[in-house]
Amino acid sequence: MPESPITLIELRSVCHEYAAGSPENELVLSDVNLTVAERDVVVLLGPSGCGKSTLVRIMAGLIQPTRGEVMYRGIPLHGVSPGVAMVFQNFALFPWLTVRQNVLLPVGRLPAEEQEARLGKVLATVGLGAYEQAYPRELSGGMKQRVGIARALIAEPEVLCMDEPFSALDVLTAETLRNEIGRLLASPEHPLRTMVMVTHNIVEAVYFATRIVVMAAQPGRVDVVVPVDLPYPRDPDAPGFRAIVEKLHAILTRTNLPDAGEVTKVVTTEAGGTRRRIAPVSLPYVTPGEVLGLLSLLGDAEYDVFEIAERLGKEFGAIIRVVKASELLGFIETPGQEVRLTALGRELVAASTEAQREIIRGRLMQLKIFELLVRLIRVQPEHCLPDEELLRELHTALPHEKPRPLFRTLLSWGRYAGLISHDQRRHVIKLYQHEDPPPPA
Amino acid sequence: MSMTATLSRPERERPAIWFEALVVLGVAALLLGGVEVVAQWRQPLHQTVEIDLSARALPVYALFSLARGWIAYFFSLLFTLVVASWAFYDVRARRYILPALDVLQSVPVLGFLPGLVLALVALFPHSNTGLELSCVIMIFTGQVWNMAFSYYDSLCGVPGDYRMLGRLYGFKWWHRFLKIELPFGAQGLLYNSMVSMAGGWFFLSITEAFKLGDQDFRVPGIGSYMSVAIERGDVRAQLLGVLAMGVVILVVDRLVWWPLVVWSRKFKMDDFGSGRIDQPGWQRWLARSRAMQAATHRIGLWLAPLAAVPGPPPASVPVAATAAESSGRTARGIYYLVLAGLVGSMVWGAVELASLLMRVNLADWLDILSNTGLSFLRVLAAVGLGTLWTVPLGVWIGLNPKLSSRLQPFIQFVASFPAPMIYPWILLLVLKTGGSLQWGSVPLIMMGTQWYILFNVAAAASAIPNDIVSCAEVLRLSGWRRWRKFLLPAVFPGLVTGWITAAGGAWNATIVSEYVQIGDKLYQATGLGAYISRATNDGNFPRLAAAVLVMALVVVGINRSLWKRLQVFANERCRFLT
């Protein structure tokens, strides 16, 4: 390869906040540096909430980052990027236009013959020839996404951005479409060689990428970049392929599921010189039902985290959250990628519903964050803690967490364990008390 | 910020003592107001009440107008719940009720006026009750129809599972109504109640002061205050009247609708907690006020037995079954009696109408038709011009959530202000610029109707999925292409809904817009609305009946032939995929 490839997209220390400046602001992306060169296939991989969709929209120029620079071909980008096309998770087709009209949208200003020529070629590529006059409503999910892809390809973009293009499809349809894109990448004469794709599927990432950008959450940031040097088309069963998948498993476990000691490690901060304040550890945003479900699924066996995700057909990020919560409460242990029940976990699975609440209540009270919650309620007049007060406290105590999901999580666990009750009408939280029936006269 | 600092923050939720006093005072004021209204109704009949144009008189007038509006609303609600439920549960009756409502909806307020007033005044010859009642019923006819349609729609939308549940637990009809149907209909009913209240205010100046032949009728209220102020050319009084109307609208919105809107969100069928409920501070206080809590507790205890749900029905109840059978027989008897009464009165009405129409000669009919043509052009122009500016603005508002939350209260206020109150000002402006009412009535019509388009377009634009907006940006759709391929189709379903409401309202508005009296000068345009107004003023009932009938037929005809089809098309083609 004689010439070095041209850099198309370059991000320099990009940070992005939602609701910047307001007290509810939230850091979505922190200091991201990334380049996409010609013939790169960059895959952004990470659990949900790590800002990967935001990142791809920043690259396309749809979102202006709060700080940092976005360059396209060395020129600072303002507004939508000139060379980018995009495929959306939920297709984003215009329901009032036929397949033909949808696909022709980006090339409306070209001469008619040119439009026809491109349309024929693109429709043949994605296998939509017979559907030209159909409306999107009449198509299946897979066919809709083919229209989305055709619409992106017809503009002959320099960079094709895809935001979880297969997530809204069923497993089999997604597999077919994935193979077809893979074939496109493999054919040497096809112009499409530069892609940015967002996914939470590890195999999918290895299948397409020349570089995998592994992202971590809270705040969203680039963790590691893993180069993939396999020739197209790739075979998921080849040893080289498997090796990279294993490597990604290890990385994702390390960033998302640190060893037990690290998770429960108390973060201490210096406050006012001598006094030390202990910052509570957040509870992952999962419900008691999910944790109990995972525990009963485990039984006596020992599973790999990714195996569980695959078996349940769920995003691994979601599984990892459940695993983390279960581990935090002491119901499971995770040596490396493995997951198995602890003695307490076994006891919990075997217990009656009432006893389960009892055990969970005991474990919750050992968490700093619930200690804080109960203390906050107790100091309120009449022991009524207004919602906003708790939200403010959470924001101060855990600035990196999203206050609202955390609030909901605390509420669902606290209510499940019979610790607290919530008055929806007055927006206050109280300690839960059984309402005793009136004594017989 | 350290944690101890926030913990020791003083409690700020319990309202101050003055707030408690305010609550008690408010209740007292309400009671006194009621006494005042009853006194006015029981006074000896006074056809043309003297209106006091001083500012001191205004609060009482506002009270009278408000009382009429709310009494009319109460009847509207009652009518809605009864008739919509009837139409829903009685398949045979439905076939007649729905078209009847559709036609009644398009009969302008003035169409009901003469018959009502003369009949009711004759019924209560010695007190104001008859006149007041006819005024209330006219407001009622401006409020009720869309509420009835909305509640009927929500009855149709109750999922079968919930009805099944009601059957399983042996719900009586009032349980089904309180626990299932009303909660499902609450949000739609509430939204339509707000629109209805605004619709009721719209004709306030007509319903409170009108002429019937040589008889002049006037009841005390803001509307009559305004019309007297305009008649005498008293600018200060006009300004005061507009101000008072504004205050009334604001107060009703803040004290009644807004709390109800907040409360009704608990009936939303999607998962809770998705959005924050932004309760205004004073309302939180009200909820915490001791006086209020005590009162609501009392009411709750009192209502509890009514709302208590019976257990599942016992396995076998032969005695109850026969009882139910015999009570069913009486119920059926009553049902047929009511039906016969309704059919009888309809036949009588048709005969009366026919005898009136017999006296209209061919020349009159031709006159009415040509007038209809002109009014049609005005309605078209008003809707078209309204569309031209409200669509871009609506799209802009809808796509900017921040902007829309800031502009919403303002636009809502402007939309619910009864435009006819300030018609003279606008007309004077038109005349100053050398126009005449022939053209000038178009902006007058627009003032009352364009808001429906704006609201519906803004709502449709804010419902465009985010990805579609992003996609249009990536595709670099711009200029006219952006409108044609993206924005117009995206808001089209909302636009059609807006058009239907606006056009219906525009026909009604021609009555006040083509015939405007300022001081002792009368301005008329050639059109169906002016024709109806004139016929009312002259007490020429045959002509009035003919013109009203034509207007109703035209509105229903256009609805059926054009709007319904457009609506079907829009819903088939332009709804977003889910």
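The following legends describe close-up views of a predicted model.

Local features require pLDDT of at least 70 and side-chain atom pairs pLDDT 80 or more, while totals for chains, interfaces and linings use all residues. Residues are numbered from 1 along each chain as its sequence is written, chains are lettered from A in the order in which they are written, and side-chain values use heavy atoms, without hydrogens and water.

**View 1. The interface of chain B and chain A.** In this interface, 36 residues of chain B are in contact with 47 residues of chain A (heavy atoms within 4.5 Å). The two chains bury about 3900 Å² between them, 56% of it on carbon and sulfur atoms; buried area is the accessible area (1.4 Å probe) lost on putting two parts together, summed over both.

**View 2. The salt bridge between the chains.** One salt bridge is counted between chain B and chain A (a side-chain nitrogen of Lys or Arg within 4 Å of a carboxyl oxygen of Asp or Glu). Arg57(A) pairs with Asp467(B), with the closest N and O atoms 2.9 Å apart.

**View 3. The second largest pocket.** A pocket is an open set of points on a 1 Å grid over the protein atoms alone, where a 1.4 Å probe fits, with protein on both sides within 12 Å along at least five of seven lines; lining residues have an atom within 4 Å of a point. The space in this pocket is about 2200 Å³, counted as that filled by probe spheres set on the points. Of its 50 lining residues, Leu104(B), Phe112(B), Ser345(B), Met346(B) and Gly349(B) lie nearest the centre.
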